[in-house]
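Please look over the sequence and the model first.

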Number of protein chains: 2
Amino acid sequence: MEKKKLVIIGGVAGGASCAARARRMSEQIEIILLDRGPYVSFANCGLPYYVGNVIEQDKVLLVATPELFRDRFHIEVRIENEVLSINPETKTLEIKELASGHIYTQDYDALLLSPGAAPIRPPLPGIELPGIFALRTIPDSRAIKKWIAARNVSEAVVVGGGFIGLEMAENLAGLDIRVTLVEAQAQLLAPFDPEMACYLSSNLKENRVDLYLEESVIGFEQNTDNSLNVCLKNGSKIKTGLVLLGIGVKPESGLAKTAGLELGKRGGIRVNELMQTSDSSIWAVGDVVEVLDYVTGEETLVPLAGPANRQGRIAADIIVQTLSDSQHPSPQRNYRGTQGTSICQAFDLVAACTGINEKTLKHLARTDYEKVYLHPGHHVNYYPGAKPIHLKLLFSVPEGKILGAQAIGEQGIEKRIDTLAMAIQLGGTVFDLEEAELCYAPQFGAAKDPVNLAGMIAANMLRGEAPLGHWEDILTHPEKIILDVRDSIEYTAFHLPNAINIPLHQIRDRMKELPKDKEIWVHCGVGQRSYYAVRTLRQYGYDAKNLSGGLMTFQAVYPCLEKKNKVSSETIN
Amino acid sequence: MEKKKLVIIGGVAGGASCAARARRMSEQIEIILLDRGPYVSFANCGLPYYVGNVIEQDKVLLVATPELFRDRFHIEVRIENEVLSINPETKTLEIKELASGHIYTQDYDALLLSPGAAPIRPPLPGIELPGIFALRTIPDSRAIKKWIAARNVSEAVVVGGGFIGLEMAENLAGLDIRVTLVEAQAQLLAPFDPEMACYLSSNLKENRVDLYLEESVIGFEQNTDNSLNVCLKNGSKIKTGLVLLGIGVKPESGLAKTAGLELGKRGGIRVNELMQTSDSSIWAVGDVVEVLDYVTGEETLVPLAGPANRQGRIAADIIVQTLSDSQHPSPQRNYRGTQGTSICQAFDLVAACTGINEKTLKHLARTDYEKVYLHPGHHVNYYPGAKPIHLKLLFSVPEGKILGAQAIGEQGIEKRIDTLAMAIQLGGTVFDLEEAELCYAPQFGAAKDPVNLAGMIAANMLRGEAPLGHWEDILTHPEKIILDVRDSIEYTAFHLPNAINIPLHQIRDRMKELPKDKEIWVHCGVGQRSYYAVRTLRQYGYDAKNLSGGLMTFQAVYPCLEKKNKVSSETIN
């Protein structure tokens with residue numbers, strides 16, 4: 001009997017994972033892995049660091065070679081073979097050998113699509129000029145390095161402030177290239193809320209990156225000295241030696257669409273929880289598929305390596321079960337959806353997030369949520385070297401279910417987001433965070449870890465002990481009473497123009513100065529002293545709320561609001 | 001009406017947390033915080049680092065002063081006031097003002113006991129000689145520093161290889177003091193299993209610490225030059241300038257016992273889930289109480305700062321509800337038990353654990369569990385600087401519920417244990433770990449994070465895809481077939497004497513060399529290639545198991561077994 005054939009299109013992340021797992025699940029099927037590029041199973045997340053010479057040799061990026069696939073897994077890898085079309089009726093592919101131009105037909109019993117997502121190249125004038133690069137493959141990274149070396153590039157423009165854009169800005173700067181970053185949105189890193197992303201903007205500027213937010217590139221020109229001009233919507237031109245496009249990616253769903261497979265609203269391939277497409281012999285994984293958001297249940301595109309790998313494993317199990325009377329049938333596993341846990345280092349800061357952000361909650365018109373901001377040290381302050389973690393936690397009201405978290409800082413960011421990601425995955429609440437038992441020694445955390453503190457603040461709010469206020473609300477309602485409970489020396493150095501100052505230790509003696517018939521919004525530097533004041537005031541019958549995150553959050557929120565012109569210039573001096 | 005009185009004995013961690021939280025919950029009660037020492041609310045976890053001059057000033061260890069308690073919280077702190085006895089019938093305390101010797105009576109409506117645990121000073125000959133220290137308080141740390149400076153101490157003996165012992169060994173070595181560490185057990189760090197703790201032993205030796213395991217101190221002598229001899233059971237004496245006792249702590253439950261409060265089996269105060277003792281007006285928190293192990297449900301003693309703080313908060317809520325018709329009654333919160341999440345840095349290594357260890361499972365005679373060992377990099381190996389994480393995961397069979405985890409390595413340890421601690425807290429399984437979505441960028445992890453890998457290996461085992469074997473079993477059953485699937489060059493460099501070598505890429509061609517009627521225990525370096533081989537062999541009808549963690553685990557397990565004389569010297573050459 002002829003062996004059943006699994007053919008895989010695309011040999012990175014999801015495709016490679018599926019191939020290896022399928023072989024582990026069955027020695028009885030033939031597995032063919034096709035890639036139009038020269039490499040399979042390479043570490044594309046490492047490419048910016050290879051460009052930046054942090055990773056010195058590109059060979060370390062090759063996780064597995066075609067030879068290894070053959071010798072270890074009996075998997076046939078055909079690199080530089082491009083699939084031209086899929087015929088689901090005959091279960092065949094039309095394939096072009098790129099070297100020879102030869103076109104041939106390949107049949108399959110099961111087909112896995114893992115073509116990934118392609119960098120967006122907007123159809124702007126001059127977009128095809130030499131020196132304008134995207135970064136997706138090892139050849140891309142080599143071309144960029146070669147260009148930089150050949151022209152001794154000293155200035156570069158990065159278009160787009162997402163993960164790749166920021167990582168490339170850092171790596172180019174590390175090569176002593178002066179970087180300009182142009183981002184069309186008002187913020188960097190779209191998965192974050194704007195008031196969180198603002199920490200990154202400041203840090204980029206401190207690292208000599210010229211940052212343009214809310215500025216669009218409208219075209220490119222070549223100068224007579226072969227340098228490029230990046231033309232901005234504001235009319236100015238940036239002369240540069242290299243342009244890196246980091247605008248985003250779009251799923252490479254063209255083949256699937258032509259073959260008549262169902263696509264989702266965002267143009268990705270639609271799959272069920274078994275990673276199966278609308279054709280029962282075709283599966284798809286990775287950046288090309290639309291996944292269900294683990295928190296909202298909505299279809300979305302999340303181009304990340306971790307989910308791609310896990311999807312590949314699950315698809316392999318299902319495919320092997322479908323193709324064979326497996327001796328060891330796996331219990332069926334469903335793909336649970338994607339949380340969007342992600343992380344990015346840019347210069348001094350690390351930014352990580354999991355779950356959904358407030359922009360999404362607003363977009364979904366949800367009102368059953370609350371948020372806390374906090375700025376604890378990444379370890380106890382009495383041990384040298386503590387760095388603040390700027391943390392935002394979103395949770396449902398009144399259940400307290402954790403919806404999402406964002407953290408930015410120099411140290412300990414990934415730990416808190418991983419812990420919160422696990423909490424979200426397992427349906428945890430802020431009450432669970434309050435009671436979480438995490439590692440504490442002075443170098444690593446605190447008896448009340450930032451994760452505990454986030455839970456405590458949120459739980460205090462949900463229990464009605466310490467209601468929270470938010471700066472965006474107070475800034476748009478300047479008539480509210482603002483009480484600043486910092487010491488007078490801090491107040492004198494800086495304060496909101498309409499804030500009353502009663503230092504915390506005087507609150508019991510001086511609370512009679514405050515009105516009982518108005519909401520009092522209390523703040524301090526980061527929200528701890530004001531929490532104490534709120535508790536005291538509330539027990540004496542005052543309607544006090546704690547302005548979450550204190551002035552440190554104010555400093556982040558204010559510029560975002562100012563941009564939206566929601567606050568007048570008189571609100572703050 | 002007179003205010004209700006909450007009196008708290010012991011002003012660190014749990015006691016201080018309770019005091020502050022009680023005030024936040026009620027302005028209507030009187031709160032008195034008693035401590036026999038000169039300080040309250042100090043950071044005792046920082047003391048080793050103060051001795052080691054990593055923390056330069058002891059004032060940073062003072063989290064809150066009596067003045068701050070008074071000004072901020074209207075809490076009366078009485079330092080250097082020692083409680084002599086508790087009379088639960090009259091709800092009074094007999095208290096001695098240490099400075100004046102004056103003895104007075106204090107009444108209470110609610111009493112919180114947070115006296116902590118005292119370092120064990122075994123009644124050995126010479127134990128009271130000058131130069132023998134324990135480390136619990138700021139005065140202790142000052143005395144040690146003074147002793148070192150005054151005598152220019154160049155050699156020290158640390159007795160006990162627990163958290164304090166290891167931290168002190170590191171900090172003393174940092175002062176250019178040559179350290180000898182004597183531990184009566186066969187391993188360091190009792191919360192870990194011996195084969196995990198062995199990584200620490202090796203590293204101590206690499207850092208010039210003279211380590212004696214399974215060696216007891218039987219007494220101390222003073223030499224004529226005022227130096228000390230530490231007398232060992234083996235008859236030898238270690239001449240030294242300073243002795244640090246880090247043998248462990250025992251709950252200071254004497255007052256409670258005398259007052260007739262119920263104690264647990266281990267001598268700690270027994271409390272219910274509301275932290276209430278057998279007297280309904282007396283609560284207890286922190287190192288003095290017996291807590292329920294979150295995983296086993298057994299009573300145990302876990303002297304850790306995080307649980308003490310959380311217990312203090314919960315006790316405060318309950319006490320305030322009991323004492324008052326609170327305007328804002330908190331929903332009742334129970335203490336959920338203690339997981340034992342803890343972490344310790346010693347020289348180059350960080351060791352952290354959560355949940356229960358295998359020693360405990362064996363002690364409980366549980367057979368419904370399995371374990372995996374793995375040694376992944378703390379981030380992808382293609383990014384420079386990856387350090388191995390030695391990880392052990394314990395889980396229930398067949399449910400896969402996570403029971404405990406231990407991790408040791410240089411980097412990224414606390415992140416994995418915190419993530420696993422959260423998983424344990426929320427009842428997670430290895431199948432959840434397999435699907436966990438964690439942060440991945442090259443500097444921070446991998447598309448398959450160590451936490452995912454642990455879950456995948458365990459889940460593969462539970463699904464029957466890749467059964468696991470363990471080195472302790474194979475070493476005691478030398479008749480088993482051992483298959484080494486590393487390359488022949490690796491095999492030639494080192495191999496088990498009775499191991500057959502078939503490199504992974506030859507497995508399909510050469511498997512006929514193996515018997516089908518015997519268990520084949522397959523290994524490689526760390527367990528990945530052997531997993532591939534096991535999958536192939538099993539599909540062809542061989543009874544293959546993967547030796548968990550490969551030779552890297554063997555190297556850890558073997559010395560532990562050798563010590564137990566379970567393996568003959570011929571088992572391994």
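Predicted model: local features only at pLDDT ≥ 70, side-chain atom pairs only at ≥ 80, totals over all residues.

Residues are numbered from 1 along each chain as its sequence is written, while chains are lettered from A and ligands numbered from 1 in the order in which they are written.

**Relation of the chains**

Two copies of a chain are related by a rotation about an axis and a shift along it. The same surface serves both copies, as 100% of the contact residues of chain A recur in chain B.

**The contact between the chains**

Chain A gives 71 residues to the contact and chain B gives 71 residues; two residues are in contact if their C-beta atoms, placed from the backbone, lie within 7 Å. On the side of chain A that touches chain B, at least two residues each come from α3 (66-73), α8 (305-323), β22 (342-346), α10 (413-425), α11 (430-435) and α16 (528-539). Helices (H or I, at least four residues) and strands (E, at least two) are DSSP runs, numbered from the N terminus. The largest share of this side, 9 residues, is from α10(A).

**Helix packing**

The axes of α10(A) and α10(B) come within 8 Å and cross at roughly 20°. That makes α10(A) roughly parallel to α10(B), a term for angles under 35 degrees. Axes are lines fitted to C-alpha atoms, for helices over the stretch in contact, and angles run from 0 to 180 degrees between N-to-C directions. In this contact E414(A), K415(A), D418(A), T419(A), M422(A) and A423(A) meet E414(B), K415(B), D418(B), T419(B), M422(B) and A423(B).

Within chain B, α1 (residues 14-25) and α8 (residues 305-323) pack at about 35°, with axes 7 Å apart. Residues of α1(B) in the contact include G14(B), G15(B) and S17(B), and those of α8(B) include A308(B), N309(B) and Q311(B).

The table gives the residue classes in these contacts. Ala, Val, Leu, Ile, Met, Phe, Trp, Tyr, Cys and Pro count as nonpolar, Asp, Glu, Lys and Arg as charged, and the others, Gly among them, as polar.

| Contact | Residues by class |
|---|---|
| Side of chain A that touches chain B | 34 nonpolar, 20 polar, 17 charged residues |
| α10(A) with α10(B) | 4 nonpolar, 2 polar, 6 charged residues |
| α1(B) with α8(B) | 8 nonpolar, 6 polar, 3 charged residues |

**Domains of chain A**

Chain A is divided into domain 1 (4-43 + 59-116 + 250-323), domain 2 (132-247), domain 3 (348-462) and domain 4 (468-563); the bounds come from an automatic or database domain assignment. The centres of domain 2 and domain 4 of chain A, taken over C-alpha atoms, are separated by 40 Å. Their contact takes 5 residues from domain 2 and 5 residues from domain 4.

**Backbone details**

The peptide bond from V397(A) to P398(A) is cis, with omega near 10°. P398(A) sits in the loop between β25 (389-396) and β26 (402-409) of chain A. In chain B, a cis peptide bond joins V397(B) and P398(B), with omega about 5°. A13(A), in the loop between β1 (4-9) and α1 (14-25) of chain A, has a phi near 45°, a positive value in a residue other than glycine.

Key
Parallel < 35°, antiparallel > 145°, perpendicular 65-115°, else oblique.
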